[in-house]
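Open the model in a viewer and keep the selection panel at hand.

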Amino acid sequence: MSGSKIAGIEYYLPKKKENNSQLKRNNPKWDIDRIYEKTGINNRYISSEKETTIDIAEKSIKKLIKKFPKIKIDFLILVTQTSPYRIPTAACILQEKLKLPKTIIAFDINLGCSGFIYALRVATAFIESKQAKNGFVVCADTYTKLISKNNAQCRPIFSDAAAATLITASKKNKIGPFELGTDGSGYNALELPQGKHEVVMNGSKVLTFAMSIVPENVNTLLKKIKSKVDKIDMFIFHQASKFILENINRKLLIPKNKTFENLSKVGNTISASIPIALKDASKKNIKNNHKVIIAGYGVGLSWGSALIKWEKIK
Amino acid sequence: MKHQISANEVYKIIAKILKTTPEKIIKTDNLTSIKNWDSLAQLDILSALDAKLANQLSNLNDIASITSVKKLINVFKKKSLIK
């Protein structure tokens with residue numbers, strides 16, 4: 001069986017930014033300071049009217065292709081909930097746009113904030129089973145197209161972004177084990193039913209879910225790897241909101257120096273948030289051979305965590 | 001041992017977050033009628049009660065949507081979280 005590693009991460013953020021002052025101008029009655037205190041988010045990236053999820057995904061992958069020959073790519077997994085197409089699969093369109101080999105496996109995964117972990121599991125399974133050696137996991141969403149400027153629950157939080165991660169075979173396995181889970185009874189905590197054009201979120205439900213499931217999930221992973229919080233170098237969780245991250249860290253008793261936050265700068269970028277955080281953390285906070293636990297959780301309800309043994313990325 | 005909280009402590013915690021008095025919380029049918037209540041305050045209430053109960057709150061189903069203090073106390077009683 002072959003092991004896998006994260007060999008590279010690149011991300012793309014749309015040019016247009018919306019900061020909290022702009023948010024306040026659009027919503028004079030909102031208490032922006034209080035919203036910032038809870039979300040920890042000051043900037044959100046907004047895709048332009050003509051800029052689709054496929055466009056931003058393409059831009060993030062192009063950055064990685066500069067560092068790795070596309071001829072060697074065996075798979076492309078696109079994690080998105082905002083494809084401009086219901087039919088066909090957006091990953092197929094990306095294969096053509098990027099002129100990737102026609103021999104690649106390409107498909108979409110419809111998941112939100114847990115999506116990176118799920119896609120990583122699928123990618124490593126392809127490599128473990130020798131079906132593939134190298135591939136891209138691309139997480140891209142343009143939620144802001146489905147959130148009006150006065151949606152108080154969602155507008156201060158969600159941000160558009162794409163992150164492409166290169167997964168390659170490795171003699172020593174650097175990714176896993178994983179702990180994944182689902183609870184569809186909470187499907188309406190964050191939803192966009194067919195025919196509607198506005199994402200609706202129940203913040204309290206999302207909070208109690210995150211407070212309950214994420215610590216339990218991470219503790220199960222720690223037991224599986226026979227480890228404890230103090231033996232892990234860094235915990236990089238989905239950047240949902242400052243309030244949620246603080247509550248998760250409080251429950252898991254994770255010291256501040258082992259956590260990472262970049263949500264003030266980029267907002268909650270759904271499935272792209274973990275790879276973007278990994279890329280940012282790799283510049284200073286995480287080093288070679290560090291043990292990093294990543295965890296994603298959200299819409300579905302769906303969640304997952306994994307252990308990463310960090311190796312310097314491209 | 002299970003951590004417990006008294007009803008008075010519940011009123012005090014909620015009152016502090018909503019910047020009012022425990023007496024007003026006791027008399028209120030629904031927290032949504034209090035001036036300073038909003039969805040962000042509800043998150044603060046959940047987090048503060050959970051911290052006081054040593055992380056037991058998130059094990060309670062549907063607690064997130066409860067804005068009636070009486071209902072909240074009843075749920076806590078059923079779960080033996082009230083002293």
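Select H7(A) and show what surrounds it: its buried residues pack against H6 and strand S11 (234-237) of chain A, together with H3 of chain B. Helices (H or I, at least four residues) and strands (E, at least two) are DSSP runs numbered from the N terminus. This is a predicted model, in which local features need pLDDT of at least 70 and side-chain atom pairs count only at pLDDT 80 or more, while totals for chains, interfaces and linings use all residues. Residues are numbered from 1 along each chain as its sequence is written, and chains are lettered from A and ligands numbered from 1 in the order in which they are written.

Within H7(A), pick out the buried residues: Ile244(A), Leu245(A), Asn247(A), Ile248(A), Asn249(A), Lys251(A) and Leu252(A). Buried is taken as 20 or more other C-beta atoms within 10 Å of the residue's own, with C-beta atoms placed from the backbone. Step just past the helix to Leu253(A), which has a positive phi of about 55 degrees.

Next, select the contact between the chains, to which chain A gives 14 residues and chain B gives 14 residues. Contact requires C-beta atoms, placed from the backbone, within 7 Å. On chain A, helices H2 (32-39), H6 (203-224) and H7 (242-252) each supply at least two residues of the side that touches chain B. H6(A) has the largest share, 7 residues. That side of chain A divides into 3 nonpolar, 6 polar and 5 charged residues. Here Ala, Val, Leu, Ile, Met, Phe, Trp, Tyr, Cys and Pro count as nonpolar, Asp, Glu, Lys and Arg as charged, and the others, Gly among them, as polar.

Now show H6(A) with H3 (residues 39-52) of chain B. They pack at an angle of about 25 degrees, with their axes 9 Å apart; axes are lines fitted to C-alpha atoms, for helices over the stretch in contact, and angles run from 0 to 180 degrees between N-to-C directions. The pair is therefore roughly parallel, a term for angles under 35 degrees.

Finally, select chain B alone. Chain B has 4 helices and 0 strands, in the order α-α-α-α along the sequence. Its C-alpha trace spans about 35 × 20 × 20 Å along the principal axes. Of the 83 residues in chain B, 31% are buried.

Methods. Contact = placed C-beta atoms within 7 Å. Parallel < 35°, antiparallel > 145°, perpendicular 65-115°, else oblique. Buried ≥ 20, exposed ≤ 12 C-beta atoms within 10 Å, placed from the backbone.
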